[in-house]
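Hi,

Here is the model I promised to pass on. Have a look at it first, and my notes follow below.

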Amino acid sequence: MGLKAWHMALNRDADLVILGAGCAGLSLASRLAGQAPELKVVLVEPRTEYVDDRSWCFWRPTRHDLSDIVSKSWNSWRFSTVDGRQSTHRVPGLAYQYIRGADFYARSRAMIEPAPNVTLNLGVSAGELTQVPAGIRVETSQGSLVARHVIDTRPEATAALLYQCFTGVEIQTAQPHGLDLNRVDLMTRMESDEGGLGFVYALPLTANTALIEWTRFSPVPLSKAELDLGLDHVLARLGFDGARVLRTEGGILPMGREPRHEDSIPGVFLAGNTGGGLRAASGFGFLRIGRWADACAAALRAGRDPFGHPPEPWARREMDRIFLQAIREHPERTADYFAALAGGVPAAGLVRFLSDAARPGDYARIIASLPLLPFLAQIPPRPQLFRTAELVSR
Ligand SMILES: Cc1cc2nc3c(=O)[nH]c(=O)nc-3n(C[C@H](O)[C@H](O)[C@H](O)COP(=O)(O)OP(=O)(O)OC[C@H]3O[C@@H](n4cnc5c(N)ncnc54)[C@H](O)[C@@H]3O)c2cc1C
């Protein structure tokens, strides 16, 4: 957008300003583009261009609203430990699916950019928010902007029980890499010590390409250098150290965030990871953010106010907290806990649990598969375990 157009945007009241045009911001805006012509929406995003920085994966039946950009799907997924225990899961009718960040961004922009009611402002950073008589004033790197409502998806420094720290590479091998193209290595070569769990996540994409990631669940965020060292060992062990690196991705996802205590400004709603979009026990957020975007866009199209990411239902929140605290208290046993879950809970129940659709029977199977004492000890909440750290992603 040119400077003149931007100043025009600053001078008009937007109905809705969305801070951050990543997964959550684009998900909401693409559902409003051309669908609510009377609703003026402005997105504020510091990036000047989008790159292929995320691999979004999830379980879903094969046909859905985003099927056109699914790059690859697999009908089985494997868990294994370094000492040789392993389970392979499949669920009839359900596939583990992969959407490239680049394809999601391109699809969202193709919906947003022609829409007269939505403006995507790249290269603009949002700062302070204040309540003013006309609504909310947003200070940005290019002046201020007043809107009736604000959806804030900006990443924030956060405190969490554990951090899922990972780094990965999409590689191309000269010879076929030999990974099973019908199976994802979801949590493989799991090993744990005093520092937490480590495992390999591998998505075989074609006979010669794959995404290989090294992940650690840690009570403190780990440095990129430490993670890269772990990834180098994994690549060497798999015989991929000579492979060509096509791209890299990684991040530090807070698992089990400390609840926010401060009051937010009326009319400002938190969404995406910052609003609680990440599932505490798994770090999955893509489908959850999409479900919030569906509901929030439907409210706006019906003339109602927007809302932030909804609070977690009690049972799920408590299960996740107990699980994460047990892992935090006994980091050296984490691989055993996950191996017990993979070996003891039926595949469909485990996927329902990870996808926010657990039934009472699934919770019962999960509880029955885990050793009782370390988990019973975590039933009283222990908020003092939270530690603050910057949320880093690259
Ligand atoms: C590498 C990676 C892989 C992941 N893979 C999966 C997966 O496979 N499955 C899954 O379910 N979840 C996955 N997740 C978790 C989750 O789905 C993603 O983190 C998702 O991107 C969260 O969406 P979001 O909108 O909250 O954050 P983002 O997509 O990061 O968007 C936030 C936006 O805010 C912008 N911003 C920053 N500062 C400002 C500012 N001052 N003003 C305005 N905007 C600002 C950023 O530039 C960014 O575009 C992954 C996360 C990462 C990091």
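In H8, the buried residues are Gly349, Leu350, Val351, Arg352 and Phe353. Helices here are DSSP runs of H or I with at least four residues, strands are runs of E with at least two, and both are numbered from the N terminus. Buried means that 20 or more other C-beta atoms lie within 10 Å of a residue's own; 12 or fewer makes it exposed, anything in between partly exposed, and the C-beta atoms are placed from the backbone. The buried part of H8 packs against E3, strand E6 (86–89), helix H7 (334–344) and helix H9 (360–369). Just past the end of H8, aspartate 356 has a positive phi of about 70°.

Before you go further: this is a predicted model, so to speak of local features I need pLDDT of at least 70, and side-chain atom pairs count only at pLDDT 80 or more, while totals for chains, interfaces and linings use all residues. Numbering starts from 1 along each chain as its sequence is written.

Back to H8 (residues 347–354), where glycine 349 sits. Glycine 349 counts as buried because 22 other C-beta atoms lie within 10 Å. If you skip residues up to four places away in sequence, glycine 349 touches Asp362 and Arg365; contact means backbone-placed C-beta atoms within 7 Å. Glycine 349 and aspartate 362 are 13 residues apart in sequence, with 5.2 Å between their C-alpha atoms.

Now the ligand. There are 34 residues around it, and Gly20, Gly22, Cys23, Gly251 and Gly272 come nearest. A residue is taken as near if its C-beta atom, placed from the backbone, lies within 6 Å of the molecule. At least two shell residues each come from helix H2 (23–32), strand E2 (41–45), strand E3 (55–60), strand E16 (244–257) and helix H5 (286–301). By class, the shell has 16 nonpolar, 13 polar and 5 charged residues. For the classes, Ala, Val, Leu, Ile, Met, Phe, Trp, Tyr, Cys and Pro are nonpolar, Asp, Glu, Lys and Arg are charged, and the others, Gly among them, are polar.

H2 also packs against other helices. The axes of H2 and H5 come within 9 Å and cross at roughly 35°. On the H2 side, the contact includes Cys23, Ala24 and Ser27, and on the H5 side Phe286, Ile289 and Gly290 are among the residues involved. That contact has 10 nonpolar, 2 polar and 2 charged residues. With helix H3 (residues 101–112), the axis of H2 again comes within 9 Å, at a crossing of roughly 35°. Here Leu26, Ala29 and Ser30 of H2 meet Tyr105, Ser108, Met111 and Ile112 of H3, and the classes come to 5 nonpolar, 2 polar and no charged residues. Axes are lines fitted to C-alpha atoms, for helices over the stretch in contact, with angles from 0 to 180 degrees between N-to-C directions.

Which residues touch the most other members of the largest nonpolar core? In that core of 108 residues, they are Val17, Ile18, Ala29 and Ile212. A core is a set of buried Ala, Val, Leu, Ile, Met, Phe, Trp, Tyr and Cys residues joined through C-beta atoms within 7 Å. Beyond four places in sequence, valine 17 contacts Val42, Val44, Val138, Leu145, Ala147 and Val150.

Overall, the protein has 10 helices and 18 strands, and 45% of its 394 residues are buried.

Cheers

Technical notes. Two residues are in contact if their C-beta atoms, placed from the backbone, lie within 7 Å.
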